[in-house]
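Look at the structure below and follow the chain from one end to the other. The paragraphs after it take up a few places in turn.

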Amino acid sequence: MICDIGAHKFEFVMNQSFAIAAGHESTLAAASEILKAGGNAFDAVIAAYAVSWIAEPAMAGAAGGAFANLRTYNGDSFILDFFCQTPKQKKAAKAVDFFPIEVNFGTTTETFHIGKGASATPGSV
């Protein structure tokens with residue numbers, strides 16, 4: 001099933017045991033395969049995230065970062081912060097090579113910021 005939310009499309013699958021939402025069918029398939037093979041939700045998230053680096057390179061990558069809001073089977077909740085580390089000292093906006101570009105995804109466009117100012121120490125690997 002495909003679900004449109006604003007300018008974004010998400011792949012979605014649900015059965016009596018689990019539900020998965022992902023930005024690409026390959027990402028969805030990776031998580032689904034892990035769950036069907038007996039893995040847990042944490043296993044499925046790791047598989048989906050790794051596949052998203054290839055299936056969704058504009059949205060995720062090994063050199064990127066993220067946050068994960070997690071809830072364990074027994075109800076404990078916690079957040080993992082593996083976002084990128086940026087420089088400790090902020091430079092003036094004019095001194096940073098950082099600018100927007102529009103990326104065309106066919107049915108929609110999205111603004112991304114690129115340049116030297118967009119680089120940071122990866123948090124994902």
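Lys91 lies in the loop between strand β5 (77–82) and strand β6 (99–104). Helices (H or I, at least four residues) and strands (E, at least two) are DSSP runs, numbered from the N terminus. With a relative accessible area of 59%, Lys91 is exposed. Here buried means under 20% relative accessible area, exposed means over 50%, and partly exposed is in between, using a 1.4 Å probe and protein chains only. Gly117 is 26 residues away from Lys91 along the chain, and their C-alpha atoms are separated by 9.6 Å.

The model is predicted: local features need pLDDT of at least 70, side-chain atom pairs count only at pLDDT 80 or more, and totals for chains, interfaces and linings use all residues. Residues are numbered from 1 along each chain as its sequence is written, and side-chain values use heavy atoms, with hydrogens and water left out.

What is the order of the elements from the N terminus on? They run β-β-β-α-α-β-β-β-β, so the protein has two helices and seven strands. Of its 125 residues, 19% count as buried. The accessible surface comes to about 9,300 Å², and carbon and sulfur atoms hold 59% of that. Such areas come from the Shrake-Rupley method with a 1.4 Å probe; for residues, only the protein chains shown count as cover. Contact means heavy atoms within 4.5 Å. Among contacts between residues at least 6 apart in sequence, 28% join residues at least 24 apart.

Now turn to the helices. Helix α1 (residues 25–36) packs with helix α2 (residues 41–55) at an angle of about 155°, and their axes are 8 Å apart. This makes α1 roughly antiparallel to α2, because angles over 145 degrees count as roughly antiparallel, those under 35 as roughly parallel, 65 to 115 as roughly perpendicular and the rest as oblique. The axes are lines fitted to C-alpha atoms, for helices over the stretch in contact, and angles run from 0 to 180 degrees between N-to-C directions.

Which residues of α1 meet α2? From α1 they are Ser26, Thr27, Ala30, Ala31, Ile34 and Leu35, and they meet Ala41, Asp43, Ala44, Ala47, Ala48, Val51, Ser52 and Ala55 in α2. By class, the contact of α1 with α2 has ten nonpolar, three polar and one charged residues. In this scheme Ala, Val, Leu, Ile, Met, Phe, Trp, Tyr, Cys and Pro are nonpolar, Asp, Glu, Lys and Arg are charged, and the others, Gly among them, are polar.

Leaving out residues up to four places away in sequence, Ser52 touches Thr27, Pro57 and Ala60.

Two further residues are partly exposed. Phe78 belongs to strand β5 and has a relative accessible area of 34%, so it is partly exposed. Phe78 touches Phe42, Ala68, Asn69, Leu70 and Thr72, again not counting residues up to four places away in sequence. Ala68, ten residues from Phe78 in sequence, is 8.3 Å from it in space, C-alpha to C-alpha.

Ala120 sits in the segment after β7 (109–114). Ala120 is partly exposed because its relative accessibility is 32%. With residues up to four places away in sequence not counted, Ala120 touches Cys84, Gln85 and Thr86. Gly65 is 55 residues from Ala120 in sequence, yet the two are 9.4 Å apart in space, C-alpha to C-alpha.
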